[in-house]
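Lead sentences come first, followed by points grouped by topic.

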Amino acid sequence: MIKNQWYAVLPSKAVKNGHLVSVKRLGMDLVFFRNDAGTLGCVSDQCPHRGASLGGGKVENNCVRCPFHGLEFATDGTCTFVPALGKATTEDLSIFNVKAYSVREQFGIIYLWYGDDEKKTEALPFFYDHIHENDIYSELADPWSTHYSRAIENQLDVVHVPIVHWNSIGRGDKTLVNGPKVLWDGHLLQTSADNEKDHGQTPRKPENSVIKETNLNFLFPNLWLNHISDKMLVMIYFAPVDDENTMMYIRFYSKMTGVRLIDRFIAWTGKYANKFVERQDRRVVITQKPKATSLQMGETLLQGDGPVIKYRMIRDQLIRENGGGLSEESQKAADKEKKEEVHFASPMHTLSYGLHVLTVVDENHANACIINTAIQAASKPNLMSISVEKSTATHDMIHEGGYFTVSVLSEEAPFELFQRFGFQSGTDVDKFDGFDAWEETEHEQRYITEGTNAYFLVSVTDAVDAGSHTIFVGEVEKMEVLNDVASATYDYYQSEIKPQPEAVGRTEDGQTIWRCRVCGYEYVGDELPDDFVCPVCKHPAYDFEKVGE
């Protein structure tokens with residue numbers, strides 16, 4: 001899951017006054033309830049006294065009452081009564097407080113804040129330009145045994161429509177995929193199917209495709225809208241249950257006649273027609289492995305997967321900036337599944353969630369930096385994407401020159417290589433001064449030959465604004481395996497390449513020490529500012545950790 005987001009998790013009508021609703025959402029066991037005034041509360045489904053599930057209790061005195069020993073908890077998690085201590089007790093009951101979660105409601109949807117309270121935003125994600133408060137809709141819930149990212153990607157996938165839905169929305173045998181065009185304005189992701197029958201013609205490129213009247217829209221973290229027409233809409237919010245399950249809440253909106261009774265009937269029938277379509281999807285999607293998706297997962301993608309690729313790029317960037325991902329247990333299982341014997345039949349096989357030297361040469365000089373985001377974005381054409389911080393000199397040179405190379409660092413890379421290309425700025429020094437372990441390729445670009453196992457020469461075709469970074473996408477013009485030494489993952493760099501400093505958690509006068517996980521720079525202070533940037537390697541605050549923890 002992406003942290004610091006408002007997730008749509010339940011319909012408002014599911015939580016009635018005086019009743020408890022016990023559900024699992026975002027991997028957490030939760031209890032939702034309302035007091036007599038209708039105020040919504042959400043607390044952890046575990047009594048702090050003896051660990052019993054609160055979901056088996058009841059609402060009493062506007063509180064959740066534990067079924068085991070009768071402790072009562074208000075909507076904010078405050079313990080208001082412990083029967084065994086009596087009504088006249090003067091003891092501090094706050095030691096019994098249960099964890100509460102911030103919840104809000106809008107358009108008949110309950111949203112739950114997942115993340116740090118101090119980063120909580122006021123605005124809730126919704127399609128305000130398409131849907132109004134009094135619009136008629138009918139809603140149903142459909143459980144899918146897969147991660148919510150798989151369910152979302154399926155709704156952005158235009159390639160599968162004529163295959164999976166051959167007898168419903170995909171009739172017409174339009175298997176040739178033009179584009180598709182994908183738009184991202186930093187808030188809304190939009191695309192549409194631009195498919196046609198295959199008569200031997202060449203599919204149009206994304207830039208030559210169009211967004212049609214029937215289009216697909218997505219808002220992070222988990223809202224999707226199929227704009228069939230101005231009078232007919234299908235909206236889904238994908239409530240994450242855990243790493244392997246999602247509850248799909250599907251709404252069919254109708255404005256066909258303007259007569260509420262008739263539109264209500266159209267919405268009701270449309271809901272079940274849409275369920276038929278969703279069930280065609282579900283039987284396939286639940287077979288996909290692994291359950292959750294990520295940028296680097298070994299899939300061989302197509303040009304037509306552009307919306308899915310864009311979704312993965314943006315989601316990955318949000319996770320990097322805010323934290324999140326799989327649970328620890330699921331992440332270990334996924335890593336184990338990915339392990340293979342090291343033998344690179346293709347340079348693409350060297351790519352991992354590892355570290356790379358990004359190099360660019362212009363008419364004035366050569367520059368380079370260390371990155372940990374280089375993936376194969378599609379196979380036909382062979383596209384690579386990288387994420388580069390906007391404040392770097394390398395970023396500006398790529399923007400202006402249109403070419404770059406990626407050299408994949410191996411487990412034989414010396415720490416000095418990271419110091420040279422990662423711990424200093426190309427605006428201040430010539431990173432190639434005194435360094436000759438490189439070769440020149442076409443367009444006068446360079447690749448690194450020391451401590452690397454492959455390189456790629458890439459021509460930029462697209463640039464996506466991702467806030468603090470730009471995601472560059474380009475076509476691979478040349479690539480080569482240099483050796484079969486394993487690629488250096490981020491974990492390997494941390495444990496085997498980077499010198500290990502002594503773990504001293506505090507200074508002599510008791511102040512906290514924060515250490516950069518990339519270069520080892522130490523910051524002293526009880527709190528690390530959110531906007532702090534390492535003065536050595538330029539990595540942000542989320543790459544720092546408390547020493548000794």
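N215 lies in strand β16, which spans residues 215–219; helices (H or I, at least four residues) and strands (E, at least two) are DSSP runs, numbered from the N terminus. The model is a predicted one, in which local features need pLDDT of at least 70, side-chain atom pairs count only at pLDDT 80 or more, and totals for chains, interfaces and linings use all residues. Residues are numbered from 1 along each chain as its sequence is written, and side-chain values use heavy atoms, with hydrogens and water left out.

**Surroundings of N215**

- N215 counts as buried because its relative accessibility is 7%; buried means under 20% relative accessible area, exposed over 50%, and partly exposed in between (1.4 Å probe, protein chains only).
- The side chains of N215 and Q190 make a polar contact at 3.5 Å. Such a contact is a pair of N or O atoms within 3.5 Å; within protein, one must be able to donate a hydrogen and the other to accept it, and residues adjacent in sequence count only if both atoms are side-chain atoms.
- A polar atom of the N215 side chain also lies 2.9 Å from the backbone oxygen of K212.
- Leaving aside residues up to four places away in sequence, N215 touches Q190, T191, S192, L225, N226 and H227, where contact means heavy atoms within 4.5 Å.

**The open sheet**

- Seven strands form an open sheet in the order β11-β19-β18-β17-β16-β14-β13, with antiparallel pairing; two strands pair if DSSP finds at least two bridges between them.
- Its edge strands are β11 (136–144) and β13 (182–184), each of which pairs on one side only.
- From one strand to the next, the twist averages 20°. Axes are lines fitted to C-alpha atoms, for helices over the stretch in contact, and angles run from 0 to 180 degrees between N-to-C directions.
- Five bridges join β16 to β17 (residues 223–229) in the antiparallel sense, and N217 stands opposite L225 in β17.
- Helix α3 (residues 260–285) packs on the sheet and touches β11, β18 (232–242) and β19 (245–254); its direction makes about 20° with that of β11.
- Helix α4 (residues 306–322) also packs on the sheet, touching β13, β14 (188–191) and β16, and its direction makes about 170° with that of β14.

- All six residues of β20 (residues 356–361) are buried.
- H356, L358 and V360 point one way from β20, while V357, T359 and V361 point the other way.
- In a regular strand the side chains alternate between the two faces of the sheet.
- β20 pairs with β21 (residues 366–371) over six antiparallel bridges, and the two form a hairpin with four residues between them.
- β20 is also joined by four bridges to β24 (residues 403–409), and these two strands run antiparallel.
- V357 has I370 as its bridge partner in β21 and stands opposite S407 in β24.

**Aromatic rings**

- The structure holds 24 aromatic pairs; rings of Phe, Tyr and Trp (its six-membered ring) pair if their centres lie within 6.5 Å, and planes under 30 degrees apart count as stacked, over 60 as edge-to-face and the rest as tilted.
- The pair of F126 and Y128 is edge-to-face, because the ring centres are 5.8 Å apart and the planes stand at 65°.
- F126 is buried at 3% relative accessibility, whereas Y128 is partly exposed with a relative accessible area of 40%.
- Ring pairs link F107, F126, F127 and Y128 into a cluster.
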